[in-house]
Number of protein chains: 2
Amino acid sequence: MTNRGPDAGSSPRTVAQDAVLALLLEVTGTPKPGNVDRHHDHDDLRFEHFLAGAVGAEPAFRDVPEAPLGATFRRAVEGMSYQQGGNTQFGAILTVLPLAYAAHAGDLSPAGASAVVEATTVDDAVDFYRAFDAVDVAVDDPPEGMADLDVRQGGDAEQVLRERGLTLADVMARSADVDGVAAEWVDGFPRVFEAAEAILADDGPVPDRAARAFLGLLATELDTFVVKTHDRETAVSVRERARAARDGETDPVALSDELVAEGVNPGTTADLTAGALFVALRRGVAV
Amino acid sequence: MTNRGPDAGSSPRTVAQDAVLALLLEVTGTPKPGNVDRHHDHDDLRFEHFLAGAVGAEPAFRDVPEAPLGATFRRAVEGMSYQQGGNTQFGAILTVLPLAYAAHAGDLSPAGASAVVEATTVDDAVDFYRAFDAVDVAVDDPPEGMADLDVRQGGDAEQVLRERGLTLADVMARSADVDGVAAEWVDGFPRVFEAAEAILADDGPVPDRAARAFLGLLATELDTFVVKTHDRETAVSVRERARAARDGETDPVALSDELVAEGVNPGTTADLTAGALFVALRRGVAV
């Protein structure tokens, strides 16, 4: 096996392979309340769309670390979008990708991930915006005073980004209050690394561990994707119900069926779970 | 997207990506009576082992068409084996791989696949035998007079293969009577192409189509993996029960639960289904 990456603990796979496998294991773990998983589909977003999304993103992951992060992200999202489900793994790729760069640099840690984030450029920011042209991502209206940075304009934001000299790290910092993935980017991925350690310390099949890690994440913070697609009140309710399920007061499988029926999809928590799986795979969790 | 291959109908993916996606869709389709699928695990062979197997095989598929088929097969099997479930997709890779070479040659048809088979060499046969060193594959005792070609000796068969000048096509021809994948190799993959057309003509989610194609294959011929791991009588019974399920006389889901409980795993039929999915993907079935 070539190019396994300098960080490879006991993973027999390359960084790109572990990135793809993390995406596949994430969607497999069940119950992951409200999300597509091995036992749950949404009406127009099905399990196989995530399989095709992961396979589509794969060539871009192989461009790590030579290609710039923004270009790699855009290509991964474009590849992901070759399926009929729409946005399957935009946030998951955004979570895993800087970790893949950190892994290649031999420092898959909060400090290593922060170094990757801090090294991002204005070009990376431009490519990040361009990625929104490839797929319909659920986003809120931008915060006050940031209308000219609305991600929904896609590549048309290039001029503003260049004029203001904003790197991808700068863009993420501006969204950290309202986006759980951006918050991880800014803070050295604390929840991702914590969930990875939970997966490593856990027992049993890896998808089961991922489902438990997901529930733990959902029980402790508001899912910002639920805030965006529903509202804050719904996200608070989901967190409390997840807490009850995590603590054994209610059945996680029942909660999963309920949230799917309610159309509530804690997508940000799934994104962080994908990141945690990637870290756990690099640190040697055996599938 | 580069290197999509000259045959690409409406597939937006490379040949290697479609090969991996075919393996993933195959294990996802449910119910596939007796096999691991999205809703069924065996005790020591679980869904996630197939995910890791497909991801592990991926780099080898990218060596098509430059590398010789035998070496590519051996590397795919070695990569597949980096998981704890044992043999997940040996037969599926053996089915898909010549079709991947045919796709790259621009002729993904029975004639194109036969041309690939006929072009195999003694070196390909040696690497095929070496692949058995990587993973524990269920095989019967060799037919009378073929003890010196027992695949269980792995790479130790090299001398005999070279002395007798046997190509991989020759090896397959000697097993065609007792192995459903070898029979496809010899005859231009008739059942694979027929099942691919059934998938293309069918409606609904692709994994559901794959499950129906699987049942159709299982209902029409004896599964040689069931013959090897159980006996001919069991395989005849499975075929008849599959026929009843296909014809709506019994419930395919119930049959699936029964066969899993009985430890009967029609693996050869799953291998052919993977091949059919690969052909259907190249011919433009949309996921």
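Biologist: At what angle do the axes of helix α10 (residues 190–201) of chain A and helix α15 (residues 267–282) of chain A cross?

Modeller: The two axes cross at roughly 55° and come within 8 Å. Axes here are lines fitted to C-alpha atoms, for helices over the stretch in contact, with angles from 0 to 180 degrees between N-to-C directions. This is a predicted model, in which local features need pLDDT of at least 70 and side-chain atom pairs count only at pLDDT 80 or more, while totals for chains, interfaces and linings use all residues. Residues are numbered from 1 along each chain as its sequence is written, and chains are lettered from A and ligands numbered from 1 in the order in which they are written.

Biologist: Why is α10(A) called oblique to α15(A)?

Modeller: Angles under 35 degrees count as roughly parallel, over 145 as roughly antiparallel, 65 to 115 as roughly perpendicular, and the rest as oblique. The angle of roughly 55° therefore makes α10(A) oblique to α15(A). The crossing is right-handed, a term used if the near helix is turned clockwise from the far one by less than a right angle, anticlockwise being left-handed.

Biologist: Which residues make the contact of α10(A) with α15(A)?

Modeller: Among them are Val192(A), Phe193(A) and Ile199(A) of α10(A), together with Leu272(A), Ala276(A) and Val279(A) of α15(A). Two residues are in contact if their C-beta atoms, placed from the backbone, lie within 7 Å. By class, 11 of the contact residues are nonpolar, 2 polar and 1 charged. Ala, Val, Leu, Ile, Met, Phe, Trp, Tyr, Cys and Pro count as nonpolar, Asp, Glu, Lys and Arg as charged, and the others, Gly among them, as polar.

Biologist: What makes α3(A) and α4(A) oblique to each other?

Modeller: The axes of α3 (residues 69–80) and α4 (residues 90–104) of chain A come within 10 Å and cross at roughly 140°. That value falls among the remaining angles, and α3(A) and α4(A) are therefore oblique to each other. The crossing is right-handed. Phe73(A) and Val77(A) are among the residues of α3(A) in this contact, and Leu94(A) and Tyr101(A) among those of α4(A). The contact divides into 11 nonpolar, 1 polar and no charged residues.

Biologist: Why is Phe189(A) called buried?

Modeller: A residue is buried if 20 or more other C-beta atoms, placed from the backbone, lie within 10 Å of its own, exposed if 12 or fewer, and partly exposed in between. Phe189(A) has 30 other C-beta atoms within 10 Å, so this residue is buried. Phe189(A) lies in the loop between α9 (180–187) and α10 of chain A, and its phi is near 55°, a positive value in a residue other than glycine.

Biologist: What makes Val285(A) count as buried?

Modeller: Val285(A) has 21 C-beta neighbours inside 10 Å and therefore counts as buried. Val285(A) is found in the segment after α15 of chain A. Its contacts, not counting residues up to four places away in sequence, are Ile199(A), Leu200(A), Val206(A) and Ala280(A).

Biologist: Why is α6(B) described as largely enclosed by the rest of the structure?

Modeller: Of its 10 residues, 8 are buried, so α6(B) is largely enclosed. The cover over these buried residues includes α3 (69–80), α7 (158–164) and α8 (168–175) of chain B. One of the residues of α6(B) is Arg130(B), which counts as buried with 20 C-beta neighbours inside 10 Å.

Biologist: How many residues does each chain give to the contact between the chains?

Modeller: The contact takes 26 residues from chain A and 26 residues from chain B. On the side of chain A that touches chain B, α2(A) gives the most, with 8 residues. That side divides into 15 nonpolar, 6 polar and 5 charged residues. Helices are DSSP runs (H or I, at least four residues), numbered from the N terminus.

Definitions and conventions. Helices (H or I, at least four residues) and strands (E, at least two) are DSSP runs, numbered from the N terminus.
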